[in-house]
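This briefing sets out the main features of one protein chain for a structural reader. Please consult the sequence and the three-dimensional view while reading.

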Amino acid sequence: MKTYQLKTVIQLTILALISSLSLYAFAQNDSAKSSAGNQCYVISAERVFDGFDLHENAAVLIKRNKIVQVGALDQLSGLCNRKMKLGDATILPGFIESHAHITFQKIPSDKVLKHGITTIRDTGGPLLKPMGGNGKLRILSVGPIIQAVDGYPLNLFGNHGTETSSGHDKYDTIGVAVATIEEAEKTVIDLVAGGSSMIKIALEPGGETGAPWMSSHGHGEPPQTPWPLLSLDIVKAIVAKAHALNRKVAAHVGENTGVELALDAGVDEWTHIPCAEVRDDLLHRAVEQNVTFVTTVDTLSGCTGIHANTHKLAHIMSHNPDSKSKFIYGSEIGHDNVPWGINAEEMILMLNLTSPDGIDFGDVLRVFRSATSEAGKYLNYPLLGTLMKDAPADIIAVRGNPFERFKLLEYPDLVISGGHIIINDFKKNKVKH
């Protein structure tokens, strides 16, 4: 082949490659144009919950990995040729699990996703960067729990490599012990730099009757109580540093001692309702200080005080309308006695224990919001857990009405993660062109 012919072939090849790349870029950035074509589809059902309210005979328009809008089927049909009509079913945003330990407990993330949880906050385990979301379980890692030396959780779960004090090896387990303010502040800085979505501390003195950590827990007899706790000065330093880095602080709190320490330091969240019954004055303080409560009532149902604490907090909140305190759904995936997905029993307990003035449909909606829109907003992802415009296309659907039968949610018939269909058991309702 002559030289000029070879140059021509190379030039044409380069031009073709550039053209292909340009077409690809165009295809990836034409979301502002018509939503018709293979990149979109409309899903309709008798009921659509958008994370806030329940709509009848509605549809959801998805384009690529985003929600475009919720509306009437006849309104959205003309915007996309691909349709999935589910009939007597309910469409919802994927649920958010706000208290899990799936990395530490080696729970398969694909199983959690298939059972309706599309986002989890991993609140105690190896530190990871945020991951997933497009066909995978979205994981927002908290990293290891900051704790007192010889305290919980490492006193039960062992060091697992925490002997290494340099680098990030010590952040590859469920807990990291600190003894000084300087160590605590550096730990917060390291966790945030490593991708932690929130700082979690342990204020657990031990001793609560019925608490899982007071059983053998698979690790032999628990150490003698009370267990060492972080000092108030250290907890205040953790809270101040975390807030300066735009992170909330959550606490695993136990008994009056742990609760009072958390309140005195200005902790933002209790990652579970305390197991032992807590003094009324401390519960009032928590609501006055706008603490957020992640429930995990089903997981800790063997505790002696958790039902009373939850019900009292709900009653106090109902008489303090200016408080920003709220309950957020959490089932503590990783414990052996709860499902690896949506936990209907947790929702039932939430409904009954947090509705002090009787149950109406507004209370049911509140429970659903606590696992969707309210959880997303609390995690600083306000579109997460919703079907709002530009929200991630994380969707589940079930046959029937889960607002009447929560159990349906544990076995979703359709799961979509970031526009990727993970499960579709609506066999006769496959996408129609």
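A cavity here is a set of grid points where a 1.4 Å probe fits but cannot get out. By that criterion, a search of the whole structure finds one cavity of 30 Å³ or more. The model is predicted, and the chain averages a pLDDT of 89, with 86% of the residues scoring at least 70.

**Confidence**

- Residues 1–37 have a pLDDT below 50, and beyond near neighbours in sequence this stretch has 19 contacts in the model.
- A further stretch with pLDDT below 50 covers residues 160–168, which has 12 contacts beyond near neighbours in sequence.
- Where pLDDT is low, the predicted coordinates should not be read in detail.

**Overall architecture**

- The secondary structure of the chain consists of 12 helices and 18 strands.
- Of the 433 residues, 54% count as buried.
- Among contacts between residues at least 6 apart in sequence, 65% join residues at least 24 apart.
- The accessible surface of the chain is about 18700 Å², and 52% of this area belongs to carbon and sulfur atoms.

**The cavity**

- The largest cavity has a volume of about 40 Å³.
- Its lining is formed by Pro93, Gly94, Ile96, Thr118, Thr119, Leu384, Gly385, Thr386, Pro392 and Asp394.
- These lining residues divide into four nonpolar, five polar and one charged.
- Asp394, one of the lining residues, is also among the residues touched by serine 417.

**Serine 417**

- Serine 417 is found in strand E17, which spans residues 414–417.
- Serine 417 counts as buried because its relative accessibility is 0%, under the 20% limit.
- Leaving aside residues up to four places away in sequence, serine 417 touches Leu113, Gly133, Asn134, Gly135, Lys136, Ala393, Asp394 and Ile422.

**Helix H7**

- In helix H7 (residues 255–265), the buried residues are Gly258, Val259, Leu261, Ala262, Leu263 and Ala265.
- The packing partners of these buried residues are strand E11 (199–203), helix H6 (232–244), strand E12 (249–253), strand E13 (269–270) and helix H8 (280–288).
- Glycine 266 follows H7 and has a positive phi, near 80°.

**Cis peptide bonds**

- The peptide bond from tyrosine 152 to proline 153 is cis, with omega near 10°; proline 153 lies in the loop between strand E9 (145–148) and helix H4 (154–157).
- A cis peptide bond also runs from threonine 225 to proline 226, with omega near 0°; proline 226 is in the loop between E11 and H6.

**Asparagines with positive phi**

- Asparagine 57, in strand E2 (residues 54–63), has a positive phi of about 45° although it is not a glycine.
- Asparagine 57 counts as exposed because its relative accessibility is 55%, over the 50% limit.
- Asparagine 246, in the loop between H6 and E12, has a positive phi of about 65° although it is not a glycine.
- Asparagine 246 is likewise exposed, with a relative accessible area of 61%.

**Asparagine 380**

- Asparagine 380 is placed in the loop between helix H12 (373–378) and strand E16 (395–399).
- With a relative accessible area of 51%, asparagine 380 is exposed.
- Asparagine 380 and serine 197 are 183 residues apart in sequence, yet their C-alpha atoms are 9.3 Å apart in space.

Key
Residues numbered from 1 in each chain as written. Predicted model: local features only at pLDDT ≥ 70, side-chain atom pairs only at ≥ 80, totals over all residues. Heavy atoms only, no water. 1 Å grid on protein atoms, 1.4 Å probe; cavity = no way out; pocket = protein on both sides within 12 Å on 5 of 7 lines; lining within 4 Å. Points joined across faces, edges and corners; volume = space filled by probe spheres on them. Nonpolar A, V, L, I, M, F, W, Y, C, P; charged D, E, K, R; others polar. Helix = DSSP H or I, 4+ residues; strand = E, 2+ residues; numbered from the N terminus. Buried < 20%, exposed > 50% of the residue type's maximum accessible area, 1.4 Å probe, protein only. Contact = heavy atoms within 4.5 Å. Areas by Shrake-Rupley, 256 points an atom, 1.4 Å probe, with all protein chains shown as cover. pLDDT = per-residue confidence, 0-100.
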